[in-house]
Structure formats: structure tokens, C-alpha cells
Amino acid sequence: MTHALYPTFARAPLSFERGEGARLFTADGQEYLDFAAGIAVNSLGHCHPHLVEALTEQARKVWHVSNLFEIPDQTRLGERLVAATFADHVFFCNSGAEALECAIKTARRYHYASGSPERYRIVTFEGAFHGRTMATIAAGGQPKYLEGFGPKLEGFDQVPFGDLKAVRQAVGPETAAILVEPVQGEGGLRPADPAFLRALREICDENGILLVLDEVQSGVGRTGKLFAYEWAGIEPDVMAIAKGIGGGFPLGACLATEEAAKGMQPGTHGTTFGGNPLAMAVGNAVLDVVLEPGFLQHVADIGLRLRQGLARLVDTHPDLLEDVRGTGLMLGLKARIPNKDLIAALRDQHFLAVAAGDNVVRLLPPLTIGQAEVDEALQKIDQACEAVRAAPAAQGAA
Ligand SMILES: Cc1ncc(COP(=O)(O)O)c(C=O)c1O
């Protein structure tokens, strides 16, 4: 079938007309419970009134002016992120991959500015996912994303996730940084051991290299802290974020300490769209809600309840489900049947989830869900499992 769009996506045969909270509705009024949240993007659910108001109010004022001019709300969002994190400076862009590009450039440029331009290599981890640009597919190192795109961008040394010995061996006189996701998302919901993250921090300090975190998926409240690194009691030098900070509006950012950002002088990096007034209005509105007292505790509590319910389902369906993975509201079910089949069965129950590596089904609901949605989700997953089990028998009988 010919189609106007690049056939790069294996799309489900489903489209939605509108959304509200954790619900999506098709044009003919069918309702779906959305635990995909646009792949961990709709952090406050669909059409959160505060976000709708912020975006529409800004839309009536000015949409885009470029970074040739001051953008007061960009300064404001930058200052708020700085106040809430380890960072001293923020660069705004439009996506996770762009945030990573900025992080990689910041790390390389730091050593250039420090008089060590030979330090450009970055240690990364197996199972990582950092995006689809030329640099981020090289950083992620997954052959399926690199194949056919010419020479892999040089300078990434990949080691097994969690293997400190391998990290120490990989760090050499040309190393600029270590890049890691505190919770691997696409790689199958694998949280890094807090002790591992602390050891990476130490290795960076011992070697004068930068710790760069990819919190594109784990950030902005998803794990029950504003950023997942807080669980380990460490601070990075550089961090890429996106997804949740825009609540559905394309928005990414690279955060860095004063020292780490010292090479990023005027003219070294840029963007036309990044940090535009529409994105900044929404980013500030997301922070208004996520930083409200009690919000992050809610994520931690409701995440725990979802996790406990999922663990019960693993006990009930040991033939189909192997394990619960992840933390906060960044959870996954490792399946014993192909994860795509389970996702299709869930969709039949009007429940949306996302595939991940290692045969995991990702559950990334809006951070605003309550107990009623957790109960409904557990019921739908249970029903999907029953339906999967019944299917071969039904086919056999036909
Ligand atoms: C951890 C992580 N890093 C980077 C990216 C890339 O983000 P984007 O698709 O917005 O470029 C993703 C997207 O899934 C991600 O999960």
C-alpha cells in the first residue's frame, strides 16, 4: 500500500480524536485507558486544564521570536530548573535526541576548553537508548539502529550495564565522559543500582571526566523524585531531559554545572525553535504542577501500589508474565509471550502500553493517575492475560 508518510513506524491501527486525563477517545467514542502516555510524555495526562490554559494564553500573545531575542519565560524556566537541580545553566531544544546532542557536545567541548581536546570519547552502556540522530545512535550502540547509516560516529565505548570493572577498563586518557540512563527505558526498564551510579560518580571524579545522565524518560517526576539521580544521592555534571517536561509539547533541555558548561560559549551551539514562547509556557506550567507539595510523593505512592498489583498479576499468570521491572511510574512487565502480542491483547481491552527491549511491556501512565485508574489497569491486564490464554484453545476449536 502506498502511503504519504515514511514507513518508519509500525503503527497500531488506531487513532484518537481527543484525550482527557489518562483517557483517549476515538472519533466514534471508544474509550482507552492510556498507560503509554505518548511514551512517557503526557506527564500530567491529556489536556490538563493548567497546561491548556498556559498554551492557549501564550498562543494569543506570541508564538516564536527565535533566540536572537530575550525570551522571559525561557529565562524563568531555566532559573526554575537550576533552582530545583544540580545545574547552573540550561540549553533548551525540542526533543530528547537534541538534548543528548547538546550534552555530548558540552562534554567534548569541556575538555577542549580545559586544554585536553584529545579527551572526546564517551563510555556508554549496552541496552542504552539515547535517540535517533547520528550521534545518539552511535551512543546507544544498538546494531538495529545503526545498520545502513554509514560510518558510526566515532568516540563511543560501550560496556555492559552495571559492570564497574568494564567501566574502569574503558576509561582512558581520551575519555571525556560517562553517559548513562539512571533507569534504562527502551532497554527494558532496568534501573541502575544506586551503588553503581555512586561508583560512576567516583570514577568520573578520580579521572577528571564528566558524568552525563540521560533523564529524558526517567526525569520530571516519573520515578517519584524530580530526577532519578536523587535516589542515588549523587549529582551529575550534565543531564539531558525532554518528554515529561513538555507534557506533550515538544521540549527538551540540556542542564549543566557552571564548570561543565564552560566550553559552550556564544556561537558554539544553537537552535531555531528551541525554547520558544509556546514551549516555555507549557514547560513552566508543567513545573507549576510537578513542584506542588505532595505531587512527587503521590507518584511514589501510586507507583508502589501499581507495582504491587502487577506483582500479584505475575503470580496469577506465571505462564505469561515473568517479572515486574522499574520504579515509580516507570514500570514494566517482562513477558513470557512476545511482548507485541501482549500489547495487542491489552489494546483489545482498550488499554495502551508500550513495547521495550528484553521482551518487556512498558507501563508509563500519566503521573496524575489515582487508585481507580490503577485498579482498572490491573483488571484490564488480568483480562488481557485471560484472553491470550483462551485464544489458542478458541482457534483450535474453530
Ligand atoms: C532515555 C531516552 N533518551 C533519549 C530519547 C530520545 O528522545 P526523542 O525521541 O525525543 O529524540 C528517548 C526516547 O525515547 C529516551 O527514552
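**The ligand site and an open sheet**

Good morning. A nitrogen atom of the ligand is placed 3.3 Å from a polar backbone atom of Phe129. Please keep in mind throughout that this is a predicted model.

For Gly96, a backbone N or O atom lies 2.8 Å from an oxygen atom of the ligand. For Ala97, the distance from a backbone N or O atom to a ligand oxygen atom is likewise given as 2.8 Å.

Which residues surround the ligand? They are Ser95, Gly96, Ala97, Phe129, His130, Gly131, Glu181, Asp214, Val216, Gln217 and Lys243. Sorted by class, this shell around the ligand holds three nonpolar residues, five polar residues and three charged residues.

I now turn to the sheet. Here the model has an open sheet of four strands, in the order β1-β2-β3-β15, and the pairing is mixed. Which strands form the edges? The edge strands are β1, residues 18-20, and β15, residues 351-352, and each of them pairs on one side only.

Let us look at one pairing in detail. Strand β2 spans residues 23-25, and three bridges join β1 to β2. These two strands run antiparallel. Within this pairing, Gly19 has Leu24 of β2 as its bridge partner.

Thank you for your attention.

Note on methods: Residues are numbered from 1 along each chain as its sequence is written. This is a predicted model: local features need pLDDT of at least 70, side-chain atom pairs count only at pLDDT 80 or more; totals for chains, interfaces and linings use all residues. Side-chain values use heavy atoms; hydrogens and water are left out. A residue is near a molecule or strand if one of its heavy atoms lies within 4 Å of it. A polar contact is a pair of N or O atoms within 3.5 Å; within protein, one must be able to donate a hydrogen and the other to accept it, and residues adjacent in sequence count only if both atoms are side-chain atoms. Ala, Val, Leu, Ile, Met, Phe, Trp, Tyr, Cys and Pro count as nonpolar, Asp, Glu, Lys and Arg as charged, and the others, Gly among them, as polar. Two strands pair if DSSP finds at least two bridges between them.
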